[in-house]
Amino acid sequence: AAKTGKVGKKQSGISMVLDRVLTLEIVRVTERAAVNAARWRGRGDEKAADQAAVDAMRRELNRLAIRGTVVIGEGERDEAPMLYIGEEVGTGEGPKVDIALDPLEGTTICAKDLPNSLAVIAIAESGSLLNAPDVYMDKIAIGPGYPEGVVSLEALPAENIKALAKAKGVPVGEITACVLDRPRHASIIEDIRSVGAGIRLIGDGDIAGVIHTTTPEETGIDIYLGIGGAPEGVLAAAALRCIGGQMQGRLILDTDDKRKRARKMGIEDFDRIYQMDEMARGDVLFAATGVTDGNLLSGVRFGKKTIRTETVVMRSSTQTVRWIKAEHRSFEKFG
Ligand code: VTB
Ligand code: MG
Ligand code: MG
């Protein structure tokens, strides 16, 4: 079956809009956000860690030769001082692009120095990323190698688990789901456990949770399920577009205010289930640098003479995934 987010010739045609040099340029953006946030690791101050990441990411983004618009950012206009939705970034020369970012995904994880906090960014051609308000999103994601549509937000969690086990060719008891540890997930958790599957409960960080489904043999996670932030949903979809996998998301627009904000962003069907490639279309670049240690990426290491970072950067049109370990020797650049 034609699945796993592979793009056809048509899409790689328009993909030239995104200069491939950008793939490496955006690494600097997440590296610097991660280093600045990492200085606040384990300090119990989420706000300070977040602010440090935001400042660094913004500074670095404004050096890129792009005409960028933040479509998924640190809050809606008038609500966030920096990297808000609608903010223009870049030097103002170069391709017009959409940017989704989370300078510190998992502020609480960072403040507690627990696994998997990341500095994250995705860049796509203008008009290619879902403009979602900062509300919740119901999500489901699996890695590559399964038939299209094997799991779906329309099915019950238990049904999805059983279908996935069948497709994987293993007993249901060998499936592990990743779910955010929240009271709102009580019934999902019960449903998943009722069929004998295991659950990795995470405190925060569902972008990492979704990415973890792409390498079950390393992470032990086969499927991501549950309700997290919509911004994180779009970023996770961008990542999966590059590595392959399947994902669906549905915005939770349960109040008039949320529906109003969604409408302002051009959303008319409030119950729509978005497929992965409706959240992130065309050519997409995605980068994440580890802030704290995690299954995917090591966190920032401060040495006497070097600062070491680990980043994964990928591009959907080629599906190249690069793991970049950097040793930074000029500390001043981090400001
Ligand atoms: C998730 C998680 C994030 O927000 O999206 C979560 O991935 C959802 O919100 O790391 P609640 O905390 O309200 O459940 C974070 O935890 C923080 O952005
Ligand atoms: Mg954030
Ligand atoms: Mg976040």
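Strand E6, helix H6 (residues 186-194) and strand E7 form a right-handed β-α-β unit; right-handed means that, with the strands pointing away from the viewer, the path from the first strand over the helix to the second runs clockwise. Helices (H or I, at least four residues) and strands (E, at least two) are DSSP runs numbered from the N terminus. E6 (residues 176-180) and E7 (residues 198-202) run parallel and are joined by five bridges, where pairing requires at least two bridges found by DSSP. Threonine 176 has glycine 198 of E7 as its bridge partner.

The model is predicted: local features need pLDDT of at least 70, side-chain atom pairs count only at pLDDT 80 or more, and totals for chains, interfaces and linings use all residues. Residues are numbered from 1 along each chain as its sequence is written, while chains are lettered from A and ligands numbered from 1 in the order in which they are written.

Most residues other than glycine have a negative phi.

| Residue | Phi | Loop between |
|---|---|---|
| Glutamine 319 | about 55° | strand E13 (307-315) and strand E14 (320-328) |

Asparagine 116 is buried, with 27 other C-beta atoms within 10 Å, whereas glutamine 319 is partly exposed, with 16. Buried denotes 20 or more such atoms, exposed 12 or fewer, and partly exposed in between, with C-beta atoms placed from the backbone.

The chain is divided into domain 1 (9-127 + 284-334) and domain 2 (136-279), with bounds from an automatic or database domain assignment. Their contact takes 24 residues from domain 1 and 20 residues from domain 2, contact meaning C-beta atoms within 7 Å.

Notes
Contact = placed C-beta atoms within 7 Å.
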